[in-house]
Amino acid sequence: MKVLIVLGIALFSFTNSFAQDCEGIVKTCESYLKKNTGGRDFISDGQVYTAFLDREKAEFKTTFFGGTTYRITASAGSKENYIIFTIKDPEGNILFSNKNYKNSPYWDFKIKESLPVTIETEFDMDLKVSGCAVMMIGFKN
């Protein structure tokens with residue numbers, strides 16, 4: 001019985017510390033929606049895309065709407081360059097990857113026509129191999 005109690009406490013502590021860790025990372029992503037915006041912040045789409053990664057990728061699907069300026073932000077902790085995010089069209093063609101830009105924590109772009117996309121997030125394995133990864137999408141009015 002004592003073993004079950006200890007395991008329960010350990011699991012609760014891990015889950016609680018994981019949640020607290022992710023909450024801090026969400027705040028980092030939120031700050032990127034306001035960073036260097038020229039006075040007009042990006043507004044979150046209301047979703048917080050969160051995954052616990054351990055040497056694998058997370059995949060999120062969304063639709064970008066034509067005529068809208070977007071910012072994607074991604075973070076996994078104190079360093080800005082832990083996360084690689086890649087945006088792909090429905091055929092799997094890469095539209096953008098921050099890997100080509102030193103794993104920049106955010107990217108701004110404007111879509112001409114509406115497009116369903118898949119966004120993959122993964123750790124740069126040279127910097128981090130497991131933990132909470134958070135991505136947010138913002139748009140300008």
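This is a predicted model: local features need pLDDT of at least 70, side-chain atom pairs count only at pLDDT 80 or more; totals for chains, interfaces and linings use all residues.
Reader: What share of the residues is buried?

Author: Of the 141 residues in the chain, 39% are buried. As for the surface, the chain exposes about 8,400 Å², and carbon and sulfur atoms supply 55% of that.

Reader: Among contacts between residues at least 6 apart in sequence, what share joins residues at least 24 apart?

Author: That share is 78%.

Reader: Ok, the inside. How many residues are in the largest nonpolar core?

Author: The largest nonpolar core holds 23 residues. Those with the most contacts inside it are Phe64, Ile72, Ile83, Ile87, Ile119, Met135 and Ile137.

Reader: Which elements give two or more residues to this core?

Author: They are β2 (49-54), β3 (58-64), β4 (69-75), β5 (83-88), β8 and β9 (130-139). There is also a second, separate core of nine residues, with Val26, Phe42, Val134 and Met136 among them.

Reader: Why would such side chains sit together?

Author: In soluble globular proteins, nonpolar side chains tend to be buried together.

Reader: Take Phe64. What is it in contact with, leaving aside neighbours within four places in sequence?

Author: The contacts of Phe64 include Tyr70, Ile72, Ile87, Phe109, Ile111, Val117, Ile119 and Ile137. Glu113 and Ser114 are also in contact with Phe64.

Reader: Where does Thr121 lie?

Author: Thr121 is in strand β8, which covers residues 115-123.

Reader: Is Thr121 buried or exposed?

Author: Thr121 has a relative accessible area of 3%, and buried means under 20%, so Thr121 counts as buried. Leaving aside neighbours within four places in sequence, its contacts include Leu53, Phe60, Ile83, Phe85 and Met135. Glu56 and Lys57 are also in contact with Thr121.

Reader: Switching to charges. How many salt bridges does the structure hold?

Author: The structure holds five. One of them pairs Asp108 with Arg71, where the closest N and O atoms are 2.5 Å apart. That pair links distant parts of the chain, since Asp108 is in strand β7 (residues 106-110) and Arg71 is in strand β4, 37 residues apart.

Reader: What does Lys88 pair with?

Author: Lys88 forms a salt bridge with Glu120, and the closest N and O atoms are 3.4 Å apart. This pair also links distant parts of the chain: Lys88 is in strand β5 and Glu120 in strand β8, 32 residues apart. Both Lys88 and Glu120 are buried. Through salt bridges that share partners, Lys57, Lys88, Glu120 and Glu122 are joined into one network.

Reader: And Glu59, what is its partner?

Author: Glu59 forms a salt bridge with Lys61, with the closest N and O atoms 3.8 Å apart. Glu59 and Lys61 are both exposed.

Reader: Now the cysteines. Which ones does a disulfide join?

Author: A disulfide joins Cys22 to Cys132, with the sulfur atoms 1.9 Å apart. The count of disulfides comes to one. The torsion about the S-S bond of Cys22 and Cys132 is about 125 degrees, so the disulfide is right-handed.

Reader: Where are Cys22 and Cys132 in the chain?

Author: Cys22 is in helix α1 (residues 2-32) and Cys132 is in strand β9, 110 residues apart. Cys22 is buried, with a relative accessible area of 7%, and Cys132 is buried at 0%.

Reader: What about Cys29, how far away is the nearest cysteine sulfur?

Author: The nearest cysteine sulfur to Cys29 is that of Cys132, 9.1 Å away. A disulfide needs sulfur atoms within 2.5 Å, so Cys29 is in no disulfide. Cys29 is buried as well, at 0% relative accessibility.

Reader: Last topic, the loop between β6 and β7. What is the phi of Lys102?

Author: Lys102 has a positive phi of about 55 degrees, although it is not a glycine. Lys102 sits in the loop between β6 (94-97) and β7.

Notes:
Residues are numbered from 1 along each chain as its sequence is written. Side-chain values use heavy atoms; hydrogens and water are left out. Helices (H or I, at least four residues) and strands (E, at least two) are DSSP runs, numbered from the N terminus. Buried means under 20% relative accessible area, exposed over 50%, partly exposed in between (1.4 Å probe, protein chains only). Contact means heavy atoms within 4.5 Å. Accessible areas come from the Shrake-Rupley method with a 1.4 Å probe; for residues, only the protein chains shown count as cover. A nonpolar core is a set of buried Ala, Val, Leu, Ile, Met, Phe, Trp, Tyr and Cys residues joined through side-chain atoms within 4.5 Å. A salt bridge is a side-chain nitrogen of Lys or Arg within 4 Å of a carboxyl oxygen of Asp or Glu.
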